[in-house]
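Hi,

Here is the structure I promised to send over. Have a look at it first, then read my notes below.

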Amino acid sequence: MNEHSFIQFTIAMGCKETGFCFEVEVEYSVDHGATWWPVRGHCLPSDPDCTEYWPNSSLTSDLYATPTQVTMLVPPRAWSERTRVRFRQRDGWRQQHSWSLSHVYIGDECFHRCSARGFCDAGVCQCQHGWSGNSCESPERPLPTFLAEDFEGAVTPGRWRRVVGALVTDHCGPVGAGSALHLVGGCSRYLETEDLDLRESLFVQFDLRTGCLDPVAGREAGGDHALLVQLSCDGGVSWATAKRLLLVHQQPTYVWLEIPRALRCEGGRVRWWQPEPQERNRLDWAIDAVFVGGNATPPDALTYAHPDDLVPPTWLRRYNGRIDNYCDNDLPMYTMMSTASEPALLQTSDIQVGINHSISFQLALGCGATWDNQVVPVRLEYSVDFGNSWHLVREACLPGNTSCAEVADASVYYAPLRWHRFVYPLAHVGPARYVRFRWLQAPSHDVSGSHRWSLRDVYIGRSCPKHCLGRGSCLFGACRCDAQYAGDHCERVVVDNVPFIRDEFSERAFRSHFQQVQGALISEGCGGLEVPPTATFQGAHTRQLLTQPVDTRSGKFVYFVAQIGSAHGHGVCARATHRHHNVFVQYSVDGGVRWHLLRELAHEMYVSPREEYIVLPSHARSPATVFRFWQPRLPTPPPAWSLDDLFIGGSEISAASLLDRFEGDPAVSEWLFAPHSEAHTDYCSSGTNGSLVWGPESPGRRAITTQELIITDGHVLQFKISVGCGSVEQECRYSPGVRLEYSRDGGVSGWDLVRDLCLPGTSPDPDCLPYTFHSQSVYYPDTHTRWMRVTIPLPEKTWASTTQLRWVQEVKGQGSTVTPWSLDDVYVGEACTEHCRGHGDCVDGVCACDAGYEGESCEMAPSRSTPLPTSLVDGFEGGVGANWQMVSGGGVGVGCSSLAPYGHGRHLYFSGCGTRQAVTAEMDTRRASKLMFVLRIGSHDHVPSCRVDLSDPQRSLDKGVILQYTADNGITWTTLNVHDPLDFRKPRRVAYSLPPDARSYGVRLRWWQPDHDGASTDQWALDNVEIVLAQRKDTSKYNSKGFHDSL
C-alpha cells in the first residue's frame, strides 16, 4: 500500500433483525498479522490534540442497516508491501448480530477513489446511479442547490442519506414549529444529507434544542457528548467541522453557520453527529427548520403574488399557515395563525437591498374582529446578520424624538385590519448585501381564529416609479394599478374618487368612506361631544381612522370636533397628561407611503370638545388624498379620544349665495353640520313645506354652519327663526339664546357675532355708527317665540371669500333647560331693493313679497278696507291694546307708583328678565306731527319696585330708554332720542316732532332698554302715549277758482 491506496467495500449490518447495536472493526497489519491496528483511529473533542473530529474505523450497525458503500483512506502507518486488512466482530456477538460484505477493493488503481460514488474495478470506476465521469465526479442530473426540511409528519424522502437514532415527534415542544427531529437513540445519533450542489451556497441554519428529556450542564454538556455539524466534498470520505454545539440549549435556539469557501462544492454533504450519545434518551437533542443553501450572491428582488411563490429557497420559513380564501380575497393565499405554543411566521431568504429599494405588500389581520379585540399583532422585521437579530422595518417616531424626521407608527399591525397596502422605502436598511425580512405573530391562546392573517402582493426590490403612488402593487418591478387607476405609476384616475367626506357618526357602524377603523366604536364617548353617539377611540392597541381616497383638487379644509380624555373622568376617560396622548391628523397623496402632518391635537386644548378647522395646503390637493386620525400606541393605553362632525372637502372657490328652504335635510354643498336637528313640515304653524327644528330633548351644541361663502359689499342675510315655540314661557333667560355668528377662517380664531351690541354708553363693536343703536344677533324666546323674519345687511367685518355663518345654541349638558328653536328660508346673497322693506323674501336680488305687499320693494299699499291706524292714544288702563305689536319684559301695572302729575292709574311697567321693549303695530304716520308720552326710569327714593342702579357710570346711559322708529319692519331702527336715567327718576312728559322719514305708511315705534341687571332691577314705566295728528288748514273760504289761482 502507498499514499494513493484506499479501501472500498459495501457492508450491511443487522440485515435479519434490526434494532441491535453492535460493531464491525476494520483493521490492518504490517507484520503478517502479529499485531492489528484500526485503519482509522478516532479524533474526538475530548482529545486536545485534535483539530478535526472523526470516528474510528469501527462500523456501527445502525449506520449501515442497508447495503452501504464505504471508502476509507489508508493511514501512513499502513503504507508497506505486506499490509493486511481484516473485518472483525469481537467476541460476545449474538446470532442476530449478522452482517455481510461485498465489493471489496484495496488498491490505488482508480483516480480520486471514484469520488466515493463508484466502485473501482480493475482500474475502472463503476459509477453509482446518477453519477458519471472517469472518477464518477459528474452528476447526471443537476443536484439540488438547497435543502429545506421542517420534519412535518416525517422525514422527507430524497433529502437525507441517513437518519439514525431519531424520531419525528413533538416531545420537545416547538423547536421551530410543529414536530421536530428528536435524536434519542442509544447506539448512534446521526443525520446526513444527500449530495447537494453547494457551489453558490452560503450557509447552514437550523433550530436546535437540547436536553428535552435529559437536561445536562457543565462538563457533561460538552466533550464527546457535544453535537458536531460537519461538511464533506468527497462523498463522505473526509469531513470538516463547521460548528461544535454544547448541549446547553434547553430553549429553542437559532443556529446559523457559514459554509467555508473551500467546502462550497458540487456534491457536498452536511451531517449532524454526536460522537458519544451514551444510553437511549440521555443527552438528547432535537433539530428543526433545517435549511442548507442560500446564495453567496443573493437576488435583489422578491415577489410573492401566488401561493406557489411562497416556497424555498426564496422563502426560508413558513410556520402555521395554510392556503385559504381570507377577508374576501378572490385568490386563495396562505392564511397564517399562531398557536398557543408556536408563532405564525413568514420569512424570506437573503436579498440584496440598495438605498432605492422598498418593500410593499398587502396585509389583512383579524378581519371582522371587534374594536376591543386582543388579537396578537403581526410584526414586520428585517435582519442584516442572517437572522441572528431582528429590527422593525419602521420604528415608531413619536413627538419629541429628534432621531427621526416624521411622526410615524411602527411596522407592527393590529386587528381589525382589512386588506391594506403598506409601502416602506428601505434607504435606512441599504445598501446591504444580505437582508432578510419576516412577518411574525407571537403565540396566541385565542381559539376562535380571530387572529388569522394573510399576505399578498409582496414585493421587495428596486422601487417602482413613485411607489405606484400607493394606488397599485409593485410586482416584478412594475406597477399593477388598482381598478380605478392607470398609468406607469398609477397616476391617472379612471374612476373619480369622492369629492368630500361628511360624517356625523350617527349610524351604528362606520360608513364605507373609511377604509380602516381600528380601536374605535360608535358610542357616547367620554361625554361632552355634541351629538352622541360619536366615534370613540378607546381600544388597547392601534387607534386609527383612515379615510378612503378623496378628490381634494378643489377641496379647501378639514373640519371636525374632537375631545381627548376628559376633565374629571377616570379609566379610559381619564385626563390626558402627556404629549404622547396627542392625536395626529395627517394626509398622504401617495396612498400612505409618506404621511404629512396637518395638525397635532394637543391634549391640553381638547379636554372639552373643540372645533377644528384646518385649511388644506396646496400639496394636499390631489385626486386621491387619504387622511388619517391617529394616536400613538403606548404600553399603557392612553386616554380615549372622540371625533364628531367630520367634514373633508369644501371648495377652493366659495359660493356667492345660499338659499335653502329646508324642504329636506340640509344640502351638503351648502351646510357643514346641523347637530340635533330634524326636518319638520309646518312647524309652529309656519305654513311652509319644511323647516329645520332643534327639539327640546337634546342638550349639547345645537347648531348649523354654512359652507364657506363669498361675502362682499351689498350682501344680505335673511332668515326666519322661531325660538321657544310650544315651550313653557321663560320668565327670564335661563335658557341660552340662539347666536348668529360668523368666521372668516373656519373658527380658527374664534366665532364672532354677526351683529354686536351698539349702545349709547358702551359699544364693543367698532362698526357701530353714531346714534345707531341695536341689539346683538342673539335670539331669545321672549322676542322670537313666533316665526319672525330677520334681515341683516352683512357688515364689513364679515366680508371675505371664506366666510361661514352659523346659528348656535349652547346647552351645557344633562339637566340643563333646552329651548326648542327652528330655522327656515335662509338666504345669503345680493340684497334686494330696500330689503323688501321687511315684508318679503329676498331671492337672488328679487323680492318675493308677502301677501298684501307688492312692488319692487314690497311696499304696503294703503287700503280702504283695512287701513292702518293713524293715531295712538293709550293710557294702558285697559291693558295692552291692539296698537302694540310686542311688549316684552313688562306689562300693565303700577310698579313705579304714580306718574303724577303727568300720569295716573296704571302704566306700562318693565321689571322682567330678558329684552325690555314696547313696539307698536304698523301705523300710518303720514299725517302725524308729534309723539308724546310720560316716562319714568327708577326713582329718587329707590323703592324696590322702581329703582335704577347707576353706580357704574359706563353702563348708566345703557340703562336708559331709547326711542326709535322703523319704516322697514325692524330691519333698521332710527333713533329719536336716548333717555338718560339721571333725567327721568321723576316722571316726565316728553314730546317729539316726528322727522319726515318717520312720517310714512307702515311705521313702527319702539321704546327699548338695552341693558339692565336682571329681574326686579332698573325698572321703568311708560304711560299716556299719544301720536298727535297735524292740523289741516281750513280751505272752506277758498273757491275753486281762487284755489287754482293760488297754485
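Let's start with a sulfur link: the bond between cysteine 758 and cysteine 768 is left-handed, with -95 degrees about the S-S bond. Both cysteines sit in the loop between β59 (752-753) and β60 (778-779), so the pair ties together parts that are ten residues apart in sequence. (Strands are DSSP runs of E, at least two residues, numbered from the N terminus.) The S to S distance here is 1.8 Å, and a disulfide means a pair of cysteine sulfur atoms within 2.5 Å. Cysteine 758 and cysteine 768 are buried, meaning under 20% relative accessible area with a 1.4 Å probe, protein chains only.

Before you go on: this is a predicted model, where local features need pLDDT of at least 70, side-chain atom pairs count only at pLDDT 80 or more, and totals for chains, interfaces and linings use all residues. Residues are numbered from 1 along each chain as its sequence is written, and side-chain values use heavy atoms, leaving out hydrogens and water.

How many disulfides are there in the whole structure? A search finds 19. Another one joins cysteine 832 to cysteine 842, S to S 2.0 Å, and that link is right-handed, with 95 degrees about the S-S bond. Cysteine 832 lies in the loop between β63 (821-830) and β64 (840-843), while cysteine 842 is in strand β64, so this pair also ties together parts ten residues apart in sequence. Cysteine 832 and cysteine 842 are both buried.

Cheers

Technical notes: Helix = DSSP H or I, 4+ residues; strand = E, 2+ residues; numbered from the N terminus. Buried < 20%, exposed > 50% of the residue type's maximum accessible area, 1.4 Å probe, protein only.
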